[in-house]
Amino acid sequence: ATTVFFEPSWPRVLRIRSRRPRAATVQPEATGLALRWLICSYVLFQMLLPWRHHLYRCNVNWTERGHYFSWHMKLRDKKSVCKFRYREKTTGRTGDLNILDYISREQASHATADPEMIVQLSRFLSQRMAREHGGDYEIFVLNITSLNGRRPEPLVNSELDLASVPHSFFLPSSVYTPLTEPLNPLNPWSV
C-alpha cells in the first residue's frame, strides 16, 4: 500500500540498479544451500501457521487454541462472567477472590474469556495468596461464557484446581468444558 506514494517509475529504477555489475563474491555452495533452506522453511512456516486451527478437534473459537497468529481474528464474540474461589489446602478454609484487587478491569475483561489466561491468573492468585498469607492455595473458577450469541455455559471445569494445572504448550482437555449450545443466528440468546 505504501508504494502508492512512490514515483510511477520506481520498479524500473530497482531493475536498473539490480543489473549493475557488482564485485564477484565467492560464496560456498553449502552456505547458499543452507540459506535457501532457511528462507524456504521460514516462508513455509509463515504460510502454514495461520491454518493450524484446522488441526484441532475442538471448536477453536471456544477454546482459543490456534487463535493467536491466525486469520481467525474478529470471527467470534465472547461475553464472560467469572468468579474465583480459593481453598487453603491444609485448613480447608474457602472464600471468594475479587480479581480486580489484583489486575485491572481491562485485563479482567480479556482474562475471563480465554481459558489459558484463566489458568495463568489462577496460578498467579495462588502464588500471591501463598506469599501474602502463607499456606498452599487451590483456585477454582466458575466461568459462564456466551459465544456469538449462544446461551451462556461453563467454559472451564469449575471442579478442577486451575492453579495446579501443569505448564505446557497446550492446556489439558480436562480444563475445558465442551461447547454444547448450537449457534442460532436468527434467534440469539438475550437476558
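Predicted model: local features only at pLDDT ≥ 70, side-chain atom pairs only at ≥ 80, totals over all residues.
User: Why is Val60 called buried?

Analyst: Val60 has a relative accessible area of 8%. Buried means under 20% relative accessible area, exposed means over 50%, and partly exposed is in between (1.4 Å probe, protein chains only). So 8% puts Val60 in the buried class. Residues are numbered from 1 along each chain as its sequence is written, and side-chain values use heavy atoms, with hydrogens and water left out.

User: Which residues is Val60 in contact with, beyond its neighbours within four places in sequence?

Analyst: His53, Arg65 and His72; contact here means heavy atoms within 4.5 Å. For His72, twelve residues along the chain from Val60, the C-alpha atoms are separated by 9.1 Å. Val60 itself lies in helix α3. Helices (H or I, at least four residues) and strands (E, at least two) are DSSP runs, numbered from the N terminus.

User: What makes Arg76 and Glu64 a salt bridge?

Analyst: The term asks for a side-chain nitrogen of Lys or Arg within 4 Å of a carboxyl oxygen of Asp or Glu. In this pair the closest N and O atoms are 3.1 Å apart, so the pair qualifies. Both residues sit in the loop between α3 and β1, so the bridge ties together parts that are twelve residues apart in sequence.

User: How do you know that Arg76 and Glu64 fall into their accessibility classes?

Analyst: Arg76 has a relative accessible area of 25%, so it's partly exposed. Glu64 has 5%, so it goes down as buried.

User: How many salt bridges are there, and what about Asp136 and Lys89?

Analyst: The structure holds eight. Asp136 and Lys89 form one of them, at 3.3 Å from N to O. That pair links distant parts of the chain, 47 residues apart: Asp136 is in the loop between α5 and β3, and Lys89 is in the loop between β1 and β2. Asp136 is at 40% relative accessibility, hence partly exposed, and Lys89 gets the label partly exposed at 42%.

User: What separates Arg128 from Glu132 in helix α5?

Analyst: About one helical turn, because they're four residues apart in that helix. Their side chains meet in a salt bridge at 2.7 Å, N to O. At 24%, Arg128 counts as partly exposed, and Glu132, at 42%, is partly exposed too. Elsewhere, salt bridges that share partners join Glu64, Arg76 and Lys78 into one network.

User: Why is strand β3 described as largely enclosed?

Analyst: Nine of its eleven residues, 137-147, are buried, so the rest of the structure largely encloses this strand.

User: What makes β3 a partner of β1 and β4?

Analyst: Two strands pair if DSSP finds at least two bridges between them. With β1 (residues 78-88) there are eleven bridges, in the antiparallel sense. With β4 (residues 153-154) there are two, antiparallel as well, so β4 meets the requirement. Thr145 shows up on both sides: it's the bridge partner of Ser80, and Glu153 in β4 is a bridge partner of Thr145.

User: Which residue in the hairpin of β3 and β4 takes a positive phi?

Analyst: Asn148, with phi near 50°; that hairpin has five residues between the strands.
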